[in-house]
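Please keep the sequence and the structure in view while reading.

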Amino acid sequence: VASGEQLVAAAAGDPPPLRVALSHRIPVGSTARLNGEWRRAAEATAQLLASLGHEVVERDPPIGPVGLNVLARYLDGVAGEAGCVAYPERLERRTRALARLGRTMRRPAAQARHHEARDAARVNAIFDDVDVVLGPTLAKAPLAIGRYEGRGAQYTLNGVLRWIPFNGV
């Protein structure tokens, strides 16, 4: 643990250059397609970092099936939380449908939790060679408010996942 004096001394000096990995990899199982504007924004950020003296390389973390595991755990979590509310019938129709879908994910979610340490070690191995991974957050421009109003749970989930494929990894 650094002392206050060490932190002040570190802040007074120039930071060392970072090793940055630029990645555009979309996780396994996603139907998302990265919009060119969002790709160019990540690349422009990488170029700016390089111009500031940081080392930038194109490299994808070894994600594997982590995105699918996160989805199973997410849906299982919705089911778990829906089961804890006092009046589950008052939940939005779409939330109740996600909870029903989540109840079918108990076994895949348990398997994902069982493999969590292995998956984390695999994905985090990239940090043996780089300090930070840079990539887009969204695949496309943000959704309009109400875009999925009145739509079912699976339609909404499939649609939203095309915009945010990177966030669960």
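## Helix 4 against helix 7

Helix 4 brings Arg94, Ala97, Leu98 and Leu101 to this contact, where they meet Ala153, Gln154, Thr156 and Leu157 of helix 7. Five of the contact residues are nonpolar, two are polar and one is charged. The model is a predicted one.

Two packed helices are described by the angle between their axes and the distance between the axes. Helix 4 spans residues 93-103, and helix 7 spans residues 153-161. Their axes come within 8 Å and cross at roughly 85°. Angles of 65 to 115 degrees count as roughly perpendicular, so helix 4 is roughly perpendicular to helix 7.

## Helix 3 against helix 6

Helix 3 covers residues 66-82, and helix 6 covers residues 116-124. They pack at an angle of about 140°, with their axes 11 Å apart. The two helices are therefore oblique to each other. The crossing of helix 3 past helix 6 is left-handed.

On the helix 3 side, the contact is made by Val66, Asn69 and Arg73. Helix 6 supplies Glu116, Asp119, Arg122 and Val123. This contact has four charged residues, two nonpolar and one polar.

## Asp76 in helix 3

Helix 3 also holds Asp76. Is Asp76 buried or exposed? Its relative accessible area is 11%. Buried means under 20%, so Asp76 is buried.

What does Asp76 touch, not counting residues up to four places away in sequence? Its contacts are Gly102, Met105, Arg106, Ala109 and Arg113.

Notes
Residues are numbered from 1 along each chain as its sequence is written. This is a predicted model: local features need pLDDT of at least 70, side-chain atom pairs count only at pLDDT 80 or more; totals for chains, interfaces and linings use all residues. Side-chain values use heavy atoms; hydrogens and water are left out. Axes are lines fitted to C-alpha atoms, for helices over the stretch in contact, and angles run from 0 to 180 degrees between N-to-C directions. Helices (H or I, at least four residues) and strands (E, at least two) are DSSP runs, numbered from the N terminus. Angles under 35 degrees count as roughly parallel, over 145 as roughly antiparallel, 65 to 115 as roughly perpendicular and the rest as oblique. A crossing is left-handed if the near helix is turned anticlockwise from the far one by less than a right angle, and right-handed if clockwise. Contact means heavy atoms within 4.5 Å. Ala, Val, Leu, Ile, Met, Phe, Trp, Tyr, Cys and Pro count as nonpolar, Asp, Glu, Lys and Arg as charged, and the others, Gly among them, as polar. Buried means under 20% relative accessible area, exposed over 50%, partly exposed in between (1.4 Å probe, protein chains only).
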